[in-house]
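Here is a friendly walk through the strands and helices of this model. Have the structure open as you read.

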Amino acid sequence: MKISIACRKTEITDREKNLIEKKIGKLAKFFNDDTEAVVTISSQKNDKIVEVTIFAGGLVYRAEERNLDLLDAVDKVEYVINRQIRRNKTRLEKSIKRDAFVPAADEAEVVEEEEFNIIRTKIHNLKPMTPEEAILQMNLLEHEFFVFFNGTTETTDIVYRRKDGNYGLIETHV
């Protein structure tokens with residue numbers, strides 16, 4: 001696995017860089033050698049924010065954590081991605097490295113998701129609107145995301161609330 005580390009608004013020491021590579025490198029057992037992991041480290045106020053994105057076989061694994069201590073945040077991110085992979089391992093075995101799921105002796109039994117249960121279906125009429133109108137509608141409904149027909153681009157798009165309180169827009173293209 002290829003690991004690249006980018007720093008934004010912060011600096012890290014060589015020791016920290018080596019520890020990050022070692023910790024994220026533990027995830028390499030799940031992936032092929034051509035898998036790419038991007039670690040982005042930034043700083044906001046007193047917190048260190050660690051974001052890890054792994055691109056593997058058409059799938060993207062992503063986790064973000066913030067903590068006062070950089071290495072604690074790295075530990076949490078590694079744990080989150082490890083849980084994502086293990087929780088969905090039966091579905092993922094076809095996409096990632098075949099021998100990645102050899103059970104370790106000290107590993108606790110992880111509950112697998114057998115199937116996804118859809119417990120509710122909503123019908124949503126898409127009316128043309130701008131992303132700003134969609135954000136307003138999303139806030140009125142107190143939802144975390146909102147699907148809408150973008151009248152300007154004539155595509156079905158999604159707006160969502162980010163953890164930092166800002167908003168994101170996902171544009172779809174066929």
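V159 has L169 in β8 as its bridge partner. Strand β7 (residues 155-161) and β8 run antiparallel and are joined by four bridges. Strands here are DSSP E runs of at least two residues, helices are H or I runs of at least four, and both are numbered from the N terminus. This is a predicted model, in which local features need pLDDT of at least 70, side-chain atom pairs count only at pLDDT 80 or more, and totals for chains, interfaces and linings use all residues. Residues are numbered from 1 along each chain as its sequence is written, and side-chain values use heavy atoms, with hydrogens and water left out.

The order β5-β6-β7-β8 makes an open sheet of four strands with mixed pairing; two strands pair if DSSP finds at least two bridges between them. At its edges are β5 (128-129) and β8 (167-170), each pairing on one side only.

Another open, mixed sheet has the order β1-β2-β3-β4. Its edge strands, β1 (2-8) and β4 (59-67), each have a single partner, so one side of each lacks a neighbour in the sheet. Nine bridges pair β2 with β3 (residues 47-56) in the antiparallel sense.

Angles run from 0 to 180 degrees between N-to-C directions of axes fitted to C-alpha atoms, for helices over the stretch in contact.

| α4 (residues 131-141) | β5, β6, β7, β8 | about 145° with β6 |

Conventions:
Contact means heavy atoms within 4.5 Å.
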